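Thanks for asking me to look this one over. My comments follow as numbered points, beginning with the ligand site and ending with a helix pair.

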Amino acid sequence: MKVLITGGAGFIGSNFIYYMQEKYPDYYIVCLDALTYAGNFETLEHAMKKSNFRFVKGNIADRESVFKLFEEEGFNIVINFAAESHVDRSIKDPEIFLKANVLGTQVLLDAAKEYGVDRFHQVSTDEVYGELPIDRPDLFFTEDTPLQCSSPYSASKASADLLTFSYYKTYKLPISISRCSNNYGPYHFPEKLIPLMITRALYEQPLPVYGDGNNVRDWLYVEDHCRAIDLIIHKGRVGEVYNVGGHNEKTNLEVVKLILKELNKPESLINFVADRPGHDLRYAIDPSKIQLELGWQPETLFSEGISKTIRWYLDNSKWWKSIVNGEYRQYYERMYKEK
Ligand code: NAD
Ligand code: TYD
């Protein structure tokens, strides 16, 4: 089996590569990644040791090189993780999100159509559904919830989903789409809530909580997401969307306080800052479809997953210190100066 994993030098893609190498040691895996600020070649250090793994540095929107790669390799399965993924960056500069997330996906779809694949899987997000009210805990996102995007990031992901589905209807490309809730775990870039708070708390720096900290996210340990994608690409129905989430809703303030407690740091580090424009109030997934059809269940409890994640950041400080002390430092100062 020949598998293309795009965006595999990022957070979820790299965890998926390690998951696949462990579960399917005979699969030949190619990772295509542009190594943007979010991609880190060091993350794939252990994957590179396997002879049936190939890393290709390249942009998914670069038609010529993508077509050449598909021609050379003849992939059975393509899983598209590659994307610009940070909402705050999309608010500052939407264009790169459209180029990578929409036009990049279109190039991959064209290549898959041209050379043929057994499955093209698009890794999407629950953010395409917009927000749910905080005072209606009975409401959840289902696969039929209308798309209603709040940020340029989510609009670009929704566009890619629509494009992916259109290649199924028009060209009979065997596609599937997953829409997962917020992930956390190892190799998470420290601009996102959980790794940002862990790494800043370790330095006893102020922790910037947007607005009143009461926005709700539905957190899932990254390995549970990897298992869901594995099930979908092997057993899921073609042309279908699967929501992935573990009924683990937490306010941002609850998450931050838990991290501080685990690290034995004072709550006085919490610093309420200006809210994110268009900040979605609540995300919450109804995962019944993937549970009933594919038997998927989350396996890692939040209390266990957050401890494992904190342990990973403590044990791998070289990985994140080179990020937070590098170019990212200017990003942080620029981004949070106005808050
Ligand atoms: P990430 O930002 O950590 O990694 C993205 C990777 O894609 C990086 O390695 C980057 O170099 C690469 N990349 C970006 N643009 C590229 C391009 N044009 N060509 C090739 N490579 C490119 O993101 P992540 O958190 O790992 O998210 C992966 C995917 O999962 C994204 O599609 C995202 O929308 C989706 N998703 C993320 C979450 C989450 O909680 N992080 C939840 C649901 C879905
Ligand atoms: P984030 O990790 O950026 O994921 P997403 O916006 O895709 O859900 O943010 C998670 C939540 O944490 C979101 O409600 C915004 C909030 N947040 C803060 O309060 N402070 C921060 O510095 C960041 C990055 C996020």
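**Notes on the ligand site and a helix pair**

1. The shell around ligand 1 is made up of 14 nonpolar, 12 polar and two charged residues. Here Ala, Val, Leu, Ile, Met, Phe, Trp, Tyr, Cys and Pro count as nonpolar, Asp, Glu, Lys and Arg as charged, and the others, Gly among them, as polar.

2. This is a predicted model, with pLDDT of at least 70 needed for local features and 80 or more for side-chain atom pairs, while totals for chains, interfaces and linings use all residues. Residues are numbered from 1 along each chain, chains are lettered from A and ligands numbered from 1 as written, and side-chain values use heavy atoms, without hydrogens and water.

3. Ligand 1 is surrounded by 28 residues (a heavy atom within 4 Å). The closest are Ile12, Asp33, Ser85, Tyr153 and Lys157. Strand E5 (119-125) gives the largest share, three residues.

4. Polar contacts (N or O pairs within 3.5 Å) are worth a look. An oxygen atom of ligand 1 lies 2.7 Å from a polar backbone atom of isoleucine 12, and a nitrogen atom of the ligand is 2.8 Å from a side-chain N or O atom of asparagine 59. The protein covers 96% of the 830 Å² of accessible area (Shrake-Rupley, 1.4 Å probe) that ligand 1 has on its own.

5. Helices H6 (residues 193-202) and H8 (residues 252-262), both DSSP runs of H or I with at least four residues, pack at about 35° with axes 10 Å apart. The axes are lines fitted to C-alpha atoms over the stretch in contact, and angles run from 0 to 180 degrees between N-to-C directions.

Note on methods: A polar contact is a pair of N or O atoms within 3.5 Å; within protein, one must be able to donate a hydrogen and the other to accept it, and residues adjacent in sequence count only if both atoms are side-chain atoms. Helices (H or I, at least four residues) and strands (E, at least two) are DSSP runs, numbered from the N terminus.
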